[in-house]
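This report covers strand pairing and aromatic contacts in the structure shown below. The model is a predicted one.

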Amino acid sequence: MSATETATESMSTPASFNEFGLHPDILKAIALSGYTKPTPIQAQAIGPVIDGRDVMGAAQTGTGKTAAFTLPVLHRMMPFASHSTSPARHPVRALILTPTRELADQVADNVKRYSDSSPLRAEVVFGGVDIGPQRDALRRGCEVLIATPGRLLDHIEQKNVNLSQVNVLVLDEADRMLDMGFMPDLERILSYLPKQRQSLLFSATFSPEIRKLARTFLKDPVEISVAANNATASTVTQVAYKIPEEKRKAALIYLLKSQDLAQVIVFSNTKIAASRIARELAKEGITAESIHGDKSQMERTRTLESFKAGEVRVLVATDVAARGLDVAGLDGVINIDLPYNAEDYVHRIGRTGRAGASGHAIAFYSDKNENLLNDIEKLIKAPIPKDELVIPEEFLQRYLPSSSRDRQARYGRDDRGHRHEKHERHGRHERHDGFAKHYPAAKPAPIDEFFYRPYDAAKDTATPAPQEAKREWAPAAGQGEMLAVLLGGRPTKKNS
């Protein structure tokens with residue numbers, strides 16, 4: 001893109017949002033949200049978007065990227081704001097597309113918060129829930145529509161929404177859309193939009209595929225980059241531990257019980273593993289829930305609300321939660337599985353260390369997948385510090401799979417070749433007293449004394465139930481004639 005203008009982080013950052021000339025209603029909402037100074041991506045993107053320019057923005061996650069496009073888009077919609085109840089006065093003028101339901105819901109929350117003091121309407125539509133309420137909301141009209149591509153096409157086909165008056169199109173996390181195979185859906189949606197419009201593309205990472213996409217629908221865009229491509233936030237402390245797969249459960253529980261981590265997200269590569277890890281943590285008294293694609297939207301929404309409210313300490317997730325999830329003050333992220341796509345690592349650890357706060361990113365790897373760690377380091381152009389995690393013996397004895405315990409008991413050594421003292425009782429390893437003292441388990445429910453009594457055959461003789469005397473049935477007076485009629489016969493008359 002030879003005509004593309006490039007903005008860099010060296011540009012002066014406005015001291016406050018008042019310098020952008022935003023609408024007073026939007027400034028009021030910003031003040032109520034507690035924001036005072038714009039972040040670098042906001043400082044560089046808000047001005048060009050207000051001026052109507054196409055923008056291609058790249059920034060690390062957690063840097064205020066969502067507000068960088070929602071605030072100026074809402075400002076551009078303010079001249080069309082109307083208090084009328086007629087749906088005709090509230091056509092869709094801004095369309096924001098996101099790859100996941102969770103991100104769509106989060107963007108919608110931001111839009112509704114920033115437009116709360118204005119008559120602008122905003123709605124969100126995504127799959128996994130009943131389409132009926134969404135249809136009714138769209139028919140009432142809204143100026144700003146946030147949607148996932150698949151569900152938006154459902155509404156278009158059912159003629160629930162008209163996109164002929166869209167002035168602004170926003171693609172958020174565009175690289176993820178391509179990864180999820182949304183390109184055909186995007187092309188269909190673009191065919192319903194006016195040719196003359198403003199288009200914005202925002203993402204945490206840029207790739208050659210994204211630049212190719214930008215060339216197809218952006219016109220003379222302003223390219224904004226506030227950090228190196230695929231860079232991780234400097235507020236996040238990263239470390240990688242070499243942990244064999246059979247020891248990862250013990251390592252995870254040890255970290256959660258020994259480290260000062262109030263709330264964490266644990267990432268797994270599979271949905272089955274995510275559910276299993278959440279169940280195992282719950283058995284150890286650690287409040288945990290899982291979130292992945294097999295969960296219904298209602299379950300996912302309820303889980304996220306509980307996690308954001310602090311009711312759940314550990315959220316075990318697949319990459320469905322890696323994009324857009326914003327939890328204030330999240331202490332850390334643990335990659336119990338390294339992602340197969342190196343860019344997903346950037347998004348995973350971007351859930352912590354947001355808005356200038358500090359965070360921790362922990363990764364487990366082994367000889368089998370060390371190549372994935374190397375791919376991540378090549379992508380972020382920086383080495384990830386490696387350290388040894390010494391897991392106490394009591395955790396290994398308690399949480400190692402039975403096959404691994406048997407192997408260690410047979411040879412008297414652990415996987416590092418260190419000798420250990422064998423404690424056996426009834427063929428099973430005896431729990432160390434130190435573990436029970438420092439990491440007490442839940443007390444089992446008391447057992448009724450009945451189950452300790454010896455069996456007494458004499459008391460087990462069942463008393464036969466009394467048999468009722470057999471009674472012969474005889475028809476009452478008049479029933480014989482009725483029975484004959486029901487059976488198709490005719491009652492016989494008795495001779496007098």
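## Strand E13 and its partners

Strand E13 pairs with strand E14 (residues 359–365) through four bridges, in the parallel sense. In this pairing, Gly-332 is placed opposite His-360 of E14. Strand E10 (residues 264–267) also runs parallel to E13, and four bridges join the two. Here Val-266 has Ile-334 of E13 as its bridge partner.

E13 itself spans residues 332–335. Gly-332 and Ile-334 point one way, Val-333 and Asn-335 point the other way, and all of them are buried. In a regular strand, side chains alternate between the two faces of the sheet.

## Aromatic pairs

A search of the whole structure gives four aromatic pairs. One of them is Phe-17 with Phe-20: the ring centres are 6.2 Å apart and the planes stand at 50°, so the pair counts as tilted. Both Phe-17 and Phe-20 are buried.

Phe-395 and Tyr-399 form another tilted pair, with 5.9 Å from centre to centre and 35° between the planes.

Helix H15 (residues 393–399) holds both Phe-395 and Tyr-399, which are four residues apart, about one turn of the helix. Phe-395 has a relative accessible area of 0% and is therefore buried. Tyr-399 is buried as well, because its relative accessible area is 5%, while the cut-off for buried is under 20%.

Note on methods. Residues are numbered from 1 along each chain as its sequence is written. This is a predicted model: local features need pLDDT of at least 70, side-chain atom pairs count only at pLDDT 80 or more; totals for chains, interfaces and linings use all residues. Side-chain values use heavy atoms; hydrogens and water are left out. Buried means under 20% relative accessible area, exposed over 50%, partly exposed in between (1.4 Å probe, protein chains only). Two strands pair if DSSP finds at least two bridges between them. Rings of Phe, Tyr and Trp (its six-membered ring) pair if their centres lie within 6.5 Å; planes under 30 degrees apart count as stacked, over 60 as edge-to-face and the rest as tilted.
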